[in-house]
Amino acid sequence: MSKQLFRVRKASSADAQQIRDVHVLAGKGPDSLERNNKLVLQWMEKRVAADYLQAMQTEVFVVAEADNRLCGFGAVNLVKAEITSVYVDPDFTRRGIASRLVGLMELAATDAGLPALELQAAGGALTFYEKQGYVYVTSPATTGPLWAQMRKDL
Ligand SMILES: CC(C)(COP(=O)(O)OP(=O)(O)OC[C@H]1O[C@@H](n2cnc3c(N)ncnc32)[C@H](O)[C@@H]1OP(=O)(O)O)[C@@H](O)C(=O)NCCC(=O)NCCS
């Protein structure tokens, strides 16, 4: 697949099962901090489509599709002004998919009149979010090497 052959869009309830599957795949992937946390992985694997449908009541979900299947998703809570998830299938990483998902969530946030978004990032995602223009609210140096609160003015 070439870098451009994917598209991003807002999710619908019909995407819930595939969002769940991407969440588990990415959670076990090489870029995931959660892959070594048995409890988190068990929690993820027990989740079902209905859990994501419920989350869609409070969060805007966006998805990426490539090769006729869902390969990434993100979720943003517009009440809390917070990005809560960005996950990409490990077979599809480093092609700009998560960057586009974040861009679409930022658009939803500006449409809703939000001046900024915050999130908690960990591991490789710290560098990823820096590339998207997020800056540290709490630095990894004070919170530990693995995670930090980050923010971007929109
Ligand atoms: C982090 C994650 C979302 C990145 O998805 P992606 O589609 O590969 O990201 P992009 O291709 O848009 O990356 C854009 C840039 O961010 C940086 N980046 C992305 N992943 C990175 C990683 N694992 N380590 C360091 N930098 C990274 C790179 O500079 C990259 O540009 P480049 O490929 O030209 O070098 C994906 O690896 C993932 O799902 N990880 C597991 C779950 C997770 O940690 N989610 C984030 C917190 S909820």
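Predicted model: local features only at pLDDT ≥ 70, side-chain atom pairs only at ≥ 80, totals over all residues.

Biologist: How do H1 and H2 cross, and at what angle?

Modeller: The axis of H1, residues 16–27, comes within 9 Å of the axis of H2, residues 38–46, and the two cross at roughly 160 degrees. Angles over 145 degrees count as roughly antiparallel, so H1 is roughly antiparallel to H2. The crossing of H1 past H2 is left-handed.

Biologist: Which residues make that contact?

Modeller: On the H1 side they are Arg20, His23, Val24 and Gly27, and on the H2 side Leu41, Trp43, Met44 and Glu45. Sorted by class, the contact has 4 nonpolar, 2 polar and 2 charged residues.

Biologist: Arg20 then. Is Arg20 buried or exposed?

Modeller: Arg20 has a relative accessible area of 17%. The cut-off for buried is under 20%, so Arg20 counts as buried.

Biologist: What does Arg20 touch?

Modeller: Leaving out residues up to four places away in sequence, Arg20 touches Met44, Glu45, Arg47, Val48 and Tyr52.

Biologist: What else is buried in H1?

Modeller: Besides Arg20, the buried residues of H1 are Ala16, Ile19, Val22, His23, Val24, Ala26 and Gly27. The buried residues of H1 pack against H2, helix H3 (49–55) and strands S2 (60–66), S3 (69–77) and S4.

Biologist: Does the length of H1 make sense, or what span should it have?

Modeller: H1 has 12 residues, so at 1.5 Å a residue it should span 16 Å; the end C-alpha atoms are 16 Å apart, which agrees.

Biologist: What about the span of H4?

Modeller: H4, residues 97–111, has 15 residues and should span 21 Å at 1.5 Å a residue, and its end C-alpha atoms are 21 Å apart, so that agrees as well.

Biologist: Which residues of H4 are buried?

Modeller: Ile97, Ala98, Leu101, Val102, Met105, Glu106, Ala108 and Ala109 are the buried residues of H4. An α-helix has 3.6 residues a turn, so residues three or four places apart point the same way.

Biologist: What comes just after H4?

Modeller: Gly113, which takes a positive phi of about 85 degrees.

Biologist: Change of topic. Where is Asp89?

Modeller: Asp89 sits in the loop between strand S4 (82–88) and H4. Its relative accessibility is 3%, so Asp89 counts as buried.

Biologist: What are its contacts?

Modeller: Not counting residues up to four places away in sequence, Asp89 touches Val22, Leu25, Arg69 and Cys71.

Terms used:
Residues numbered from 1 in each chain as written. Heavy atoms only, no water. Axes fitted to C-alpha atoms, helices over the stretch in contact; angles between N-to-C directions. Helix = DSSP H or I, 4+ residues; strand = E, 2+ residues; numbered from the N terminus. Parallel < 35°, antiparallel > 145°, perpendicular 65-115°, else oblique. Left-handed = near helix turned anticlockwise from the far one by under 90°. Contact = heavy atoms within 4.5 Å. Nonpolar A, V, L, I, M, F, W, Y, C, P; charged D, E, K, R; others polar. Expected span 1.5 Å × (residues − 1). Buried < 20%, exposed > 50% of the residue type's maximum accessible area, 1.4 Å probe, protein only.
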